[in-house]
Amino acid sequence: MAHWVSESDGSDSFEWDSDGNGEEAASFNAAGASSSAMTSTNTDAPGPSTRVANGNGKAGPSAALVQKYMDMGFTEEIVLKAMKDNGDNGADSLVELLLTYQELGNDLKVDDGFASGCVPQTVDDSDDDDILENWDDEDAGGRSTRVANSFDDSGDEDFLHEISQTDEKVDSLVKMGFPEDEAGLAITRCGQDASISVLVDSIYASQTAGDGYCGNLSDYEDSSYGGRNKGRPVDISLPSQAMGPPYFYYENVALAPKGVWTTISRFLYDIQPEFVDLKYFCAAARKRGYIHNLPLENRLPLLPIPPKTISEAFPHTRRWWPSWDPRRQFNCLQTCVSSAKLLERIRVALTNSSDPPPPRVQKFVLEECRKWNLAWVGLNKVAPLEPDEMEFLLGFRKDHTRGISRTERYRSLGNSFQVDTVAYHLSVLKDMYPQGMNVLSLFSGIGGAEVALHRLGIRMKTVISVEKSEVNRTILKSWWDQTQTGLLIEISDVQTLTSERIEAYVRRIGGSDLVIGGSPCNNLAGSNRHHRDGLEGEHSSLFYHYVRILDSVKSIMERL
């Protein structure tokens with residue numbers, strides 16, 4: 001299933017916040033339909049709280065929120081039960097429960113809880129509040145209904161303090177009129193140490209992002225994935241000065257600081273961005289924005305269609321995946337991985353707990369698994385994704401980045417294009433350039449764009465690749481030598497590509513058909529807590545070189 005859409009109303013409303021490595025994944029129902037519309041689209045704009053007092057004086061769901069999920073096809077009975085069981089776990093977790101309950105159908109006893117022990121159990125903060133206080137760094141061996149040893153690590157107090165701070169921030173945001181589930185997701189995206197003002201910006205950005213995804217792959221392709229588009233997935237009006245060739249394609253994080261995408265659009269001919277969540281192209285979530293002048297008709301996906309869920313992508317994890325872990329997809333792939341100490345702490349906590357673990361333990365484990373994209377690889381054992389598993393999720397062949405250190409592999413992959421997504425957009429070029437293309441690849445990284453063109457069957461006659469990282473250049477050159485027959489010209493720094501050099505290269509190769517790239521997101525992504533300076537930051541300001549070079553190429557092409 002694939003979703004894509006662009007902002008097309010010409011407004012300046014597409015302003016985004018942190019890209020956050022904690023984006024929670026969508027789930028899929030039994031029929032294979034994505035639940036993204038449920039998790040992404042916000043129908044409750046900021047205003048009065050969605051929580052209302054019930055008969056016992058406690059906060060309960062508003063009628064409007066209940067109706068929102070009923071409008072999605074769930075019965076009122078199931079909605080109320082899911083909301084009760086979900087507690088404060090957020091919208092994505094609620095949707096997972098709704099889909100689970102719906103699949104159970106008549107087997108679900110709404111009044112009595114689950115009919116089967118294999119159904120995911122949700123976290124309820126009201127139970128076993130003291131469980132974490134008894135965890136131990138040492139493995140006590142075996143399972144017990146209570147923790148065997150005292151866990152007097154100061155980390156427990158820190159963890160409980162973090163939960164308390166999180167609850168306080170959620171309450172503050174709710175009092176300001178934001179829905180509770182969106183407040184929780186904002187903290188997941190931006191981190192528990194984020195200020196209220198940052199969280200507010202994130203919620204507004206997420207609401208804008210939620211409006212940016214609609215439709216699915218079945219709306220545009222036939223069942224064999226070989227037909228022509230049946231609809232128009234996006235509607236981008238191109239000014240005359242932006243029309244290709246040369247075609248151009250620019251990518252960056254969707255959830256950037258406020259005003260960034262307005263500026264990017266203004267410098268790229270006022271073309272409205274097309275926002276895509278990569279979870280519709282692979283088993284991991286990542287929201288990205290694209291501005292381009294490519295045709296919109298006749299897009300086709302790469303074959304074979306990649307798996308969209310963790311269990312399909314990595315079947316070996318099914319044996320160990322606990323029923324209380326509802327994740328169907330990974331969150332945004334990162335440039336770093338969790339520590340071995342954290343993995344051991346999780347193992348000890350689970351070993352010393354009952355089966356299933358108490359709610360507090362479940363909550364701790366699930367939060368860390370979501371944050372670090374941990375997979376279940378053994379009894380009570382989680383581990384980060386291996387580099388080759390990240391390569392698979394991103395659409396590269398196995399060992400694409402092999403030959404460098406693990407740290408460098410994670411960094412390079414975390415900053416890469418997702419090949420299937422880019423190939424979907426570039427697929428319109430295949431029939432237009434049967435003899436091959438000349439490509440100017442800016443900020444090439446490990447060659448995501450080049451791999452996409454190769455997998456589409458588009459011959460690259462010449463690629464001028466501009467990439468600062470020597471490690472990334474080595475990876476791209478190695479892949480090129482193994483797969484391509486065309487000419488690869490490598491340049492180390494985009495800032496050295498002057499208009500004179502550009503003209504010399506363009507005339508040498510006979511023109512450039514495509515200018516593609518994504519400038520660094522270091523100062524845009526939400527994970528950068530200290531230097532999130534927008535397009536004026538040291539790294540992300542390189543965007544203006546993309547604009548400069550594109551304008552130069554267009555000017556030269558007009559004179560050829």
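**Annotated site and strand pairing**

Reply: To begin with the record, UniProt lists Cys521 for "active site" in an unreviewed entry. The model itself is predicted.

Me: Where is cysteine 521 found?

Reply: Cysteine 521 lies in the loop between strand 12 (514-517) and helix 19 (543-559).

Me: And which residues does it touch, leaving out those up to four places away in sequence?

Reply: Cysteine 521 touches Asn252, Val253 and Ser540.

Me: Turning to strand 10, why is it described as largely enclosed?

Reply: Six of the seven residues of strand 10 (residues 460-466) are buried, so the rest of the structure largely encloses this strand.

Me: How many bridges join strand 9 to strand 10, and do they run parallel or antiparallel?

Reply: Strand 9 (residues 437-442) and strand 10 run parallel and are joined by six bridges. Serine 441 stands opposite serine 465 in strand 10.

Me: What about strand 10 and strand 11?

Reply: Those two pair in the parallel sense over five bridges, with strand 11 spanning residues 487-491. Valine 463 is opposite leucine 488 in strand 11. Here the chain crosses through helix 17 (residues 470-483), and this β-α-β crossover is right-handed.

Me: Another topic: how do strand 7 and strand 8 run?

Reply: Strand 7 (residues 374-378) and strand 8 (residues 381-384) run antiparallel, joined by four bridges. Glycine 378 has lysine 381 in strand 8 as its bridge partner.

Me: What do the two strands form?

Reply: Strand 7 and strand 8 form a hairpin with two residues between them. Asparagine 380, in the turn, has a positive phi of about 60 degrees.

Technical notes
Residues numbered from 1 in each chain as written. Predicted model: local features only at pLDDT ≥ 70, side-chain atom pairs only at ≥ 80, totals over all residues. Heavy atoms only, no water. UniProt positions renumbered as here; feature names shortened; annotations may be inferred. Contact = heavy atoms within 4.5 Å. Pairing = 2+ DSSP bridges. Buried < 20%, exposed > 50% of the residue type's maximum accessible area, 1.4 Å probe, protein only. Right-handed = clockwise from strand over helix to strand, strands pointing away.
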